[in-house]
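Grab a pencil and open the viewer. Below are some exercises, each with a solution worked out step by step.

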Amino acid sequence: MSALPPDMDAAGFARLLGELRGAVGSDWVWSGAEDMFPYRDSFSPVWNTGEERHASAAVAPENVEQVSEVVRIAKRHRVPLFPISTGKNFGYGGPSPNVNGSVVLDLKRMNRVLEVNEARNYCLVEPGVSYFDLYRHVEERGLKLMLDVPDPGWGSPIGNALERGVGYTMPHFRDHFGAHCGMEVVLPDGEIMRTGMGALPGADTWQEYPYGFGPDPAGLFAQGNFGVVTKMGFRLLPLPEYYRTGLITVPKRRDLIKLIEHVNYLSDSGMISEVRFASPLSSRMADPDFAALATKLGGPSDVEMDTAAEAVDLPSWAVDLQFLGPQAATLAQWEYAKDRILSDIPGAQAIAGDHFKLPATEQQLENTTQPYASGIRRKAALGVPSLGIWEIVRDDGHVGFFPVIPRDGEAVFEAQRVLGDAQREFDLPPYFSAITVPLFWHTHTFQMVFAPSVKHDDPEHNAMVHRAMKKMVAVAAEHGWGDYRASPIYQDDVSATYSFNDHILRRFHEQLKDAVDPDGIIAPGRGGIWPRRFRS
Amino acid sequence: MRLLLASAALVALGCGAVAAQQVARTGPGAEELQAGKRVYAHWCAPCHADVPSLAGTMSLAVKYEGSDIPAALEDRTDLPAPVISVFVRNGVAWMPPFRKTEISDADLAQLNAYLTAPLEDRGAHVPLLAEEMVRMQEGGE
């Protein structure tokens, strides 16, 4: 399915493509249905419908100078560009743009690891570098550093960070945008800007101090459309000496409240790596009576859930703890965590898990000796990229809604009830029930997950998923829970929920957009930010 | 339609041409296949290597259960180059299509050469990246 850029005819499009070929070479510009097929969002719930967004062409520069030239050409032709890094943002739109007819600015060829500094614990990379690439670079050089990787290793550290993606190690590294330090950006007029200490010629601290002097605009480029990020620095964790795990269970439903408070303390004190909450009762969902109780309208009572747990002699909640650091320190932290929680919650129990010196062996990475059921994916927990997560993907992919929930047990219970009731009208697996646990990914907050699958050959199912996504976004927002990241087809819906003071945040962004990019050259609509040209 | 064509091509090929996967998969393999093997290792193996828990391998194991078609792509001898190309450029189910900035036409030709070569010429299975790096570190210590 071909599309033309907005306000452009075929002849103008041909002239545009000619200029783009002049800038990057004829081998690196594509158009037409066949070559553009891989630029569609293959996880789209609006696949093959009028709502699907189609790019008109793709252009792949090999360096920042070519990016700048492409932006200048696009500006002359008033053509929207949609930058992608490795293009693997599946569940959130993949490589497809917000605006039909956009030209995808495919940065995959810019794949250099520019620096990894082992003594000062940082890296500087280009957008086309994947986590696989960066991991190989670090390991081949024997550098004693640990990455923090998201689920699929083919993603880009820059792309993932700009989407505010997450990983699975220590708290301040899991927030990938938060762990960045310094960026280079091509602005909508083609100028090249560096943030933080990168703005000071001769500074050797670009990846050590992110702010420089004055306002720091770096945040504008995450989920935004104010420029094309061409370099980005990241802080890295020195390879810890030792890895230790342990499981703590608590018997009663309301024990989750205290358990969360303890985990908050441990995490905010820097004592633990990623945490996985779980309900051992999840194994009971195969029993229709239990499933009916857990998904009951308005939620079951605490007594009902405690009775159900006691009947099968299972604890209500569990938490996987992980420790990274010197061997003696990880042991002391595990002992401390056990004492702290077991002395405060009657009936709490602790089981020591695998522990070993890093780097892990192949067998340790395979995670086959843990003495308890664990939701931890070992490779990700140790910063080793893989595609192991794809075992959970079904049908033709899925979309994702991950509302931000307070790190508080009562809030978790409320979210279980409200979101569980909201999804009842849809014929979908119960993403929310009385046993749904929070995800502790971002450094200081919880999220929950709603990720229904899509089916290319079942438009009715997809339409139902599409309605469900919009409803969940709206219902969550009524309770103060906002999505953290969205596909282009949902970005306006999500942006609209961040509405304090008559949407002043969005209006402020629009003012900025009008000032630096009134024609919408860089990803108009991304983040719900539309320039004047497209608002009318 | 693209997927239907690919499926039809597989059906047309039948299921009989795969018994040779028992050939010993050791050694480096033919020199002229190394480039294609690297493409396979980087782009395909993370999901399709000979590891049952990987999503691609698991999915194909289910698809071909009861047949003699192996689940690991690297062991397949029934995939002609045009079929491989269709899957690479169009994806299937939740496997997304791959762009030319990821797997260029030249890369794809090398990949096709590797995956259509006789098994004895392909040499040992490629390791997963993590395994390769761990073995390298352990070998260096």
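A word on the model: it is predicted, so local features need pLDDT of at least 70 and side-chain atom pairs count only at pLDDT 80 or more, while totals for chains, interfaces and linings use all residues. Residues are numbered from 1 along each chain as its sequence is written, and chains are lettered from A and ligands numbered from 1 in the order in which they are written.

**Exercise 1.** Work out how compact chain A is for its length.

*Solution.* Start with the parts: chain A has 17 helices and 18 strands (DSSP runs, H or I of at least four residues for helices and E of at least two for strands, numbered from the N terminus). Next, take the radius of gyration over C-alpha atoms and compare it with the globule rule, 2.2 Å times the number of residues to the power 0.38. The radius of gyration of chain A is 24 Å, close to the 24 Å from the rule for 536 residues, so chain A is as compact as a globular protein of that length. Finally, 52% of those 536 residues count as buried (20 or more other C-beta atoms within 10 Å of the residue's own, with C-beta atoms placed from the backbone).

**Exercise 2.** Describe how domain 1 of chain A touches domain 2 of chain A.

*Solution.* First, find the bounds: the domain assignment, automatic or from a database, puts domain 1 at 10-108 and domain 2 at 113-235, among other domains of chain A. Their C-alpha centres lie 23 Å apart. Now count contacts (C-beta atoms, placed from the backbone, within 7 Å): 16 residues of domain 1 of chain A meet 18 residues of domain 2 of chain A. On the domain 1 side, helix H3 (64-77) and strand S3 (81-84) of chain A each supply at least two residues. H3(A) gives the largest share, six residues.

**Exercise 3.** Find how H2(B) and H5(B) are oriented to each other.

*Solution.* The axes of H2 (residues 34-48) and H5 (residues 105-116) of chain B come within 7 Å and cross at roughly 100 degrees. Angles of 65 to 115 degrees count as roughly perpendicular, and H2(B) and H5(B) therefore are roughly perpendicular.

**Exercise 4.** Which helix of chain B supplies the largest share of the side that touches chain A?

*Solution.* Here 25 residues of chain B are in contact with 32 residues of chain A. The largest share of the chain B side, eight residues, belongs to H7(B).

Key. A residue is buried if 20 or more other C-beta atoms lie within 10 Å of its own, exposed if 12 or fewer, and partly exposed in between; C-beta atoms are placed from the backbone. Axes are lines fitted to C-alpha atoms, for helices over the stretch in contact, and angles run from 0 to 180 degrees between N-to-C directions. Angles under 35 degrees count as roughly parallel, over 145 as roughly antiparallel, 65 to 115 as roughly perpendicular and the rest as oblique. Two residues are in contact if their C-beta atoms, placed from the backbone, lie within 7 Å.
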